[in-house]
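Take a moment with the sequence and the fold before reading on. The paragraphs below walk through them step by step.

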Amino acid sequence: MAWFFTEENISGNNYTLVGENAKHISKVLRMRTGEDITLVSPDKTQYECKISLISQGEVTVDIISQKPCENEPDVFVTLYQALPKGDKLELVIQKAVELGVFEIVPVRTKRCVVKLDDAKVSKKQIRWQKISEEAAKQSGRGIVPEVLPVMDFDEAVKRASFDDHVLIPYELCEDYSLTDRLRESIMEAGIDTGTEDIKIAVFIGSEGGFERSEVDLVVKNGGEEISLGHRILRTETAAIAVLSHLMLTIEAASAAGKG
């Protein structure tokens, strides 16, 4: 079913979509009156709707039913992704949103090859956010994850230090595997007992990885380095691998707690 986000909370028995949403329904999807769509409002309420009227630049729907959207993870995960080459960040954003990330922060690190000036960053910011929105619609999210402005590494580490858990995969780490650390983090955080507002930050390096000094800075600010195994993963693969493992572990813990 087609999935859309509204910019304001909904009241009443009907709602009118305008702008890009209306255009997408009428011009791109070529939907007709009587067809069903799903709307999600900023308060994470999910509305099942039926199109009642399509006019120039507007689509009006009747609200059939509503319920809280249950498609969001029980924790807030922020991905701090070092800027990769080419269009790799677009893939990372798309897959991260599908997997349930709360927000994405592009980060400049010492080994980043990409150099973006302010004009390029502004244009890319708009595109990155659009990719997040489209991925959120496709995957049935309850929110559209925000892609924040590009940050320097020091700034990103300082911001992440306020989260409950900060993880940084590093190819030379031998102390903790991702599985072991996630298990301990879940036990410490009480995810399986329904504790709310748990925040986890994950740092992923660029093609050249992190310098030792960067890993040390994260650890100094309360983070932990982890291992993803003996193989070296591409930056886009590492992000997807960590988030997949993280979300599956969280979902399993949450289900066990609710059961």
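Is Ser41 buried or exposed? At 2% relative accessibility, Ser41 counts as buried. Buried means under 20% relative accessible area, exposed means over 50%, and partly exposed lies in between (1.4 Å probe, protein chains only).

A word on the source. This is a predicted model, in which local features need pLDDT of at least 70 and side-chain atom pairs count only at pLDDT 80 or more, while totals for chains, interfaces and linings use all residues. Residues are numbered from 1 along each chain as its sequence is written, and side-chain values use heavy atoms, with hydrogens and water left out.

Now the overall picture. The protein chain has seven helices and twelve strands. Helices (H or I, at least four residues) and strands (E, at least two) are DSSP runs, numbered from the N terminus. The chain holds 259 residues, and 46% of them count as buried. Contact means heavy atoms within 4.5 Å. Take the contacts between residues at least 6 apart in sequence: 72% of these join residues at least 24 apart.

Back to Ser41. Its place is the loop between β3 (36-40) and β4 (45-55). Leaving aside residues up to four places away in sequence, Ser41 touches Thr6, Glu8, Asn9, Ile10, Tyr47 and Gly142. Lys44 is also found in the loop between β3 and β4. Lys44 is partly exposed, with a relative accessible area of 32%. Its phi is near 65°, a positive value in a residue other than glycine. Arg30 has a positive phi too, near 55°, and is likewise not a glycine. Arg30 lies in the loop between α1 (19-28) and β3. At 57% relative accessibility, Arg30 counts as exposed.

Next come the helix pairs. Two packed helices are described by the angle between their axes and the distance between the axes. Axes are lines fitted to C-alpha atoms, for helices over the stretch in contact, and angles run from 0 to 180 degrees between N-to-C directions.

Start with helix α2 (residues 88-99) and helix α3 (residues 118-139). Their axes come within 8 Å and cross at roughly 35°. The crossing of α2 and α3 is right-handed. A crossing is right-handed if the near helix is turned clockwise from the far one by less than a right angle, and left-handed if anticlockwise. On the α2 side, the contact is made by Leu89, Glu90, Ile93, Gln94, Val97 and Glu98. On the α3 side, the residues include Arg127, Trp128, Ile131 and Ala135. By class, the contact of α2 with α3 has seven nonpolar, four polar and three charged residues. Here Ala, Val, Leu, Ile, Met, Phe, Trp, Tyr, Cys and Pro count as nonpolar, Asp, Glu, Lys and Arg as charged, and the others, Gly among them, as polar.

Move on to helix α4 (residues 153-160) and helix α6 (residues 212-220). They pack at an angle of about 25°, with their axes 9 Å apart. The two are therefore roughly parallel to each other. Angles under 35 degrees count as roughly parallel, over 145 as roughly antiparallel, 65 to 115 as roughly perpendicular and the rest as oblique. α4 passes α6 in a right-handed crossing. Phe153, Asp154 and Val157 in α4 meet Glu214, Leu217 and Val218 in α6. This contact of α4 with α6 has four nonpolar, no polar and two charged residues.

Rings of Phe, Tyr and Trp (its six-membered ring) pair if their centres lie within 6.5 Å; planes under 30 degrees apart count as stacked, over 60 as edge-to-face and the rest as tilted. By this rule the count comes to four aromatic pairs. The rings of Phe153 and Phe203 have centres 5.7 Å apart and planes at 65°, so this pair is edge-to-face. Phe153 lies in α4 and Phe203 in strand β11 (residues 198-204), so the pair ties together parts that are 50 residues apart in sequence. Phe153 is buried at 5% relative accessible area, and Phe203 is buried at 1%. Phe153 also pairs with Phe210, and that pair is tilted: 5.9 Å centre to centre, 50° between the planes. Phe210 sits in the loop between β11 and α6, 57 residues from Phe153. At 3% relative accessibility, Phe210 counts as buried. Ring pairs link Tyr80, Phe153, Phe203 and Phe210 into a cluster.
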